[in-house]
Amino acid sequence: MNRVLLIGRLTTKPELRYTASNLPFTRFSVAVNRTFSNRDGERETDFINVVVWRKQAENVCNYLDKGSLVSIEGRLQTNNYEDKDGNKRYSMEVVADSVQFLESKGQRSNRANEASPYDYQQPSNNQTGSYTNDVNVEDDPFADFGDSVSISDDFLD
């Protein structure tokens with residue numbers, strides 16, 4: 001079984017691209033903290049490449065930004081190619097089946113005011129939960145629902 005589940009923060013703002021057959025997609029990386037510390041007592045971070053397709057890619061590009069907290073479920077895919085010197089190279093990426101937005105636009109704004117954009121520490125338990133009432137639902141379609149939002153493009157096929 002090939003299943004991957006990640007929770008982390010986007011390292012850049014995703015950009016929407018299209019294949020030659022006009023199929024939308026986006027590629028980005030997610031910073032994921034390791035659950036253990038190294039010899040120096042520091043927690044290390046892995047940067048994992050992700051690709052998202054179709055309507056879900058459009059939603060990711062429209063609603064997420066650098067530093068956004070997401071949950072990604074998908075499969076691991078290996079790619080290979082020849083570099084300019086003729087050496088065979090391999091790369092891996094997660095092909096996302098589901099991307100869940102784990103914080104509202106208001107929470108992202110608050111976090112941006114409190115922390116450096118390069119701070120990829122996972123939120124503590126008190127940073128998740130219900131949304132505040134001062135968030136305008138017109139500005140943030142994910143406000144005041146109290147649950148994470150999963151947007152699937154399965155209905156498009």
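**Partly exposed, the term used in these legends.** A residue is called partly exposed when its relative accessible area falls between the buried class, under 20%, and the exposed class, over 50%. D46 has a relative accessibility of 28%, so D46 counts as partly exposed. Keep in mind that these views show a predicted model.

**View 1. R34 and D46 form a salt bridge.** Look for the closest N and O atoms of this pair, which are 2.7 Å apart. R34 sits in strand β3 (residues 24-37) and D46 in strand β4 (residues 43-53), so the pair links distant parts of the chain, 12 residues apart. Like D46, which is at 28%, R34 is partly exposed, with 27% relative accessibility.

**View 2. R3 meets E73 in a salt bridge.** Here the side chains of R3 and E73 come together at 3.1 Å, N to O. R3 belongs to the segment before β1 (4-10), while E73 belongs to strand β5 (residues 69-82), so this pair ties together parts that are 70 residues apart in sequence. How accessible is R3? R3 is partly exposed, at 40% relative accessibility. E73 is partly exposed too, with a relative accessible area of 36%.

**View 3. A network of salt bridges brings in D97.** Which residues are linked in this network? They are R3, E73 and D97.

**View 4. R89 and D83 form a salt bridge.** In this pair, the closest N and O atoms are 3.1 Å apart. R89 has a relative accessible area of 38%, so R89 is partly exposed. The pairs in these views are among the nine salt bridges that the structure holds.

Key. Residues are numbered from 1 along each chain as its sequence is written. This is a predicted model: local features need pLDDT of at least 70, side-chain atom pairs count only at pLDDT 80 or more; totals for chains, interfaces and linings use all residues. Side-chain values use heavy atoms; hydrogens and water are left out. A salt bridge is a side-chain nitrogen of Lys or Arg within 4 Å of a carboxyl oxygen of Asp or Glu. Helices (H or I, at least four residues) and strands (E, at least two) are DSSP runs, numbered from the N terminus. Buried means under 20% relative accessible area, exposed over 50%, partly exposed in between (1.4 Å probe, protein chains only).
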